[in-house]
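Please open the model in your viewer and keep the sequence panel beside it. The stops below say what to select next and what is to be found there.

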Amino acid sequence: MVDPAVNAANPSGGEDPSRRDFIHIAAISAAAVGGAAVAWPFIAQMNPSADTMALASVEYDLTKIEPGMQVTINWRGKPLFIRYRTQAQIDAAVKDDGASLPDPQTDAERHKEGKAQWLVLVGSCTHLGCVPTVGGGDYQGWFCPCHGSHYDTSGRIRKGPAPTNLVVPEYAFLSDTKVKIG
Amino acid sequence: MSGHSTYQPKNAFSRWMDARLPVGRLVWDSFVDYPTPRNLNYWYTFGGILSLCLGVQIITGIVLAMHYTPSAAGAFNSVEHIMRNVNYGWLIRYMHSNGASMFFIAVYLHMFRGLYYGSYKAPREVLWILGCVIYLLMMATAFMGYVLPWGQMSFHGAVVITNLLGAFPIVGETITTLLWGGFAVDEPTLKRFFSLHYLLPFVIAGVVILHVWALHVVGQNNPTGVDPKSKADTVPFTPYATVKDGFAMSVFLILFATFVFYMPNALGHADNYIPADPLVTPAHIVPEWYFLPFYAILRAVPDKLMGVLAMFGAIGCLFALPWLDTSKVKSMRYRPQAQLYFVIFVATCWILGVAGGKLPDDHVIPHLSTFTFIDADLNSYVWLSRVATLYYFAYFLVVMPVLGLIEKPRPVPETISSPVLGDSDKKD
Amino acid sequence: MLRKVTLLAAALVLVAGPAFAAGDAKKPADIAFSYEGPFGAYDQAQLQRGYKVYREVCAACHSMNLLAFRNLADRGGPFYDSKYKNANDNPYAKAIAADTQINDLDSETGDAIQRPGTPADRFPNPYPNVIAAKAGNGGIAPPDLSVMAKARSGGPEYIAALLSGYTDPPAGVTLSPGLNYNPYFPGGLIAMAPPLAPDQVTFDDGTKSTVKQQATDVAAFLMWAAEPKLEERKQMGAAVLVFLVLFSGLLYASYRRVWRNESH
């Protein structure tokens, strides 16, 4: 809009220079404020649009899952794992609560109270975002084929480059058989 | 005008850079130290305003392309998706659609300014022709952009305009088929128009660089038409021209914002909010306002091919103008007779614009039937268009060549500075 | 001289401007809608009444494909509540959506099923496809109403006038079956039968349900549907214009100061 050189190259007049400069500085500042204000809509438009936000939560009927099985559903464009754990798998996870973990968390912290069989996780490896395969790896939880991260049956990172446990999203049980994610 | 550079690199880095790629020197010489005639009035601020318009169109356009779907099934809904769901999408889309109109308002004022002050005359012929090229590219870009929302006016406007090219003998049908990519305007047409609509603004930006380059070689014209002779005739571009251009841009933005925020659809057409339907044509099909004068010229001629040729000829006259005007005096400030013809010319362009928006058989003076002259009532827009078209061409082909030879211009000042002191007409 | 040209052009704009509006249909009467003017905003009670008219009358034949139930609870919408910033949580939007059966596929079997709507669902289409819409209406599909208020010259005023303006045909005009006479419709012959009748819709806020009231309210609702960001636009416009006027003033002062020792 206004070249900053307005100030520098201003011809000197006989008047008080501070008052003379003030008007130019005010004009340039106003241009800067205006420019910044205009920039905001152009940045904000890249954020998720209203229709995307409207689909940000999904509901799922758990009666469709057999014990020991996992379903993968699409949530916010990413895979979401819902796993119906067997008692053996829960026991294996609880047993390791005291083990040395890269990202210490107990199994109880990773499921809703009284719903230990249901594990809901964002199916995206915390290393670089690949989708881990279920039941693989040294701990029979998940194994990420991209760079070899091993997760246990609680979705905690045990071995490999991933820094943190698989993320537990915000979710709630609407009833015993229905869960709402997001 | 291009004297030696006064650029002084201020620090070690700019000295290092100056020896390798002297961008700083280029900017300094072109936009800071560049001498501009000291008598430029507000009509000379539209160059800056037009750069602003191009910038706004390119930035908003790139953003819109992030959300738009160029398909016959998806285009209309994706534009509405932008209007409803995308954050500030309504703002960006209204800026883009109204920005096109603002761009044309500015370019028309810029062109009339050039016509009045003789800015096309030697040595500025190439500068003028580059400007005409930009104008042509703008028209192509605007036309293809208007097709993209895929509303009724988009679709049938595209049908009518592409069919114009079918008027040419032998090659006509080949050209239209090539443009359409099918037997009619359809999905392939939309997709190629989208691609070209994205490309052309960058071509325009390229020609703008040439336009500014040519301007800086020959120097700016000014209201006296007398080239600066000494330093007393000029002021440095910065701060003198920058602050004046800045003020003019800001005032122009007030007009722009009034349209965007308070009457965003006033310059558009209601039919374009109806999704395209190839089987139904809107009752009254008109192009966007900035094409109306040419549309009137097209319809003024009863023959299809001749009409198309007249329309293109109307633009062709602009290209030939530097050699059509025989006057030795550049600025019409000193050509009283030329002023009169110029005013009639501006009015003619306006009348053509109004006539282009009417049905040809509508009465100019309501409820008054006169008599049928050849093929239409004399009191009809088609006859008004014909008279105006005749004057439009006469202005370029008769008035400009002949008047320069016979008129008696007023005395032209020796230098720019001299009329500043004495001439009462200086604010003109 | 150039100044005279400018004045001439300005005069021509004033003379020729109104001449652009043309047409043979009767001109709709002006209605003072609350959203008009530089600081206009939608009247929420009117939008709620208008939505009820749409849902109970228009929706039987006309789709509104661009609107989702969540839109009803958007800022400026009929059921906006500042308590629910996320329109999807608004109880009205949820309840209205849940009242509607939406066609879907069973995610296990792939069978076509119907389920209650969610705020993210679009308004249901009364016809399964365009062919059915045509077949059900004498060969002309009822147009989608999403942007209707912007897609007709005259806008909401035209819609209100059309809906409440049915008359008997003038002498000399005979109606073929399936056509009705409406002086506001270009050509006068319209396929849509008079849709509104007094007390056809019961307004929850006790407003007297005349045909004129229903027509005005549904026109306002359609304007909102076509231009949901109008309030935001006008508010932002006021701020932008104030800024630009002040900014222009500053630049003018700066310009005068830069040029004050230069004759020009």
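This is a predicted model: local features need pLDDT of at least 70, side-chain atom pairs count only at pLDDT 80 or more; totals for chains, interfaces and linings use all residues.

Select residues 75-84 of chain B, which form helix α4. This helix is mostly covered, with 8 of its 10 residues buried; a residue is buried if 20 or more other C-beta atoms lie within 10 Å of its own, exposed if 12 or fewer, and partly exposed in between, with C-beta atoms placed from the backbone.

Next, select Ile49(B), Cys53(B), Phe103(B), Ala106(B), Ile297(B), Leu352(B) and Ala355(B), which have the most contacts inside the largest nonpolar core, a set of 110 residues. A nonpolar core is here a set of buried Ala, Val, Leu, Ile, Met, Phe, Trp, Tyr and Cys residues joined through C-beta atoms within 7 Å. Helix α5 of chain B (residues 89-117) gives the most to this core, with 16 residues. Centre the view on Cys53(B): leaving aside its neighbours within four places in sequence, Cys53(B) is in contact with Gly99(B), Met102(B), Phe103(B) and Ala106(B), contact being defined by C-beta atoms, placed from the backbone, that lie within 7 Å.

**Chain C and its side towards chain B**

Now colour chain C by secondary structure, and 8 helices and 4 strands can be picked out, running from the N terminus on as α-α-α-β-β-α-α-α-β-β-α-α. Of the 264 residues in chain C, 34% are buried. Among the contacts in chain C with a separation of 6 or more, 59% are between residues 24 or more positions apart.

Which helix of chain C gives the most to the side that touches chain B? Select the 40 residues of chain C that are in contact with 36 residues of chain B. Helices α1 (2-16), α5 (148-151) and α8 (230-259) of chain C each supply at least two residues of that side, and α8(C) gives the most, with 16 residues. By type, the residues of this side of chain C divide into 26 nonpolar, 6 polar and 8 charged.

Move to chain A, where the domain assignment gives domain 1 (4-44) and domain 2 (52-181), bounds that come from an automatic or database domain assignment. The C-alpha centres of these two domains of chain A lie 56 Å apart.

Select β2, β3 and β4 of chain A, an open sheet of 3 strands in the order β2-β3-β4 with antiparallel pairing; two strands pair if DSSP finds at least two bridges between them. Strands β2 (70-75) and β4 (118-122) of chain A stand at the edges, each with a single partner strand, so one side of each is left without a neighbour in the sheet. Strand β3(A) (residues 78-84) is joined to β4(A) by 5 bridges, and Leu80(A) stands opposite Val122(A) in β4(A).Finally, select the open sheet of 3 strands with the order β1-β10-β9 in chain A, which also has antiparallel pairing. Its edge strands are β1 and β9 of chain A, each pairing on one side only. Strand β1(A) (residues 58-61) is joined to β10(A) (residues 178-181) by 4 bridges, with Tyr60(A) opposite Val179(A). On the other pairing, β9(A) (residues 171-175) and β10(A) share 4 bridges, and a hairpin joins these two strands through 2 residues. Here Ala172(A) stands opposite Lys180(A), and Phe173(A) stands opposite Val179(A).

Methods: Residues are numbered from 1 along each chain as its sequence is written. Chains are lettered from A and ligands numbered from 1 in the order in which they are written. Two residues are in contact if their C-beta atoms, placed from the backbone, lie within 7 Å. Ala, Val, Leu, Ile, Met, Phe, Trp, Tyr, Cys and Pro count as nonpolar, Asp, Glu, Lys and Arg as charged, and the others, Gly among them, as polar.
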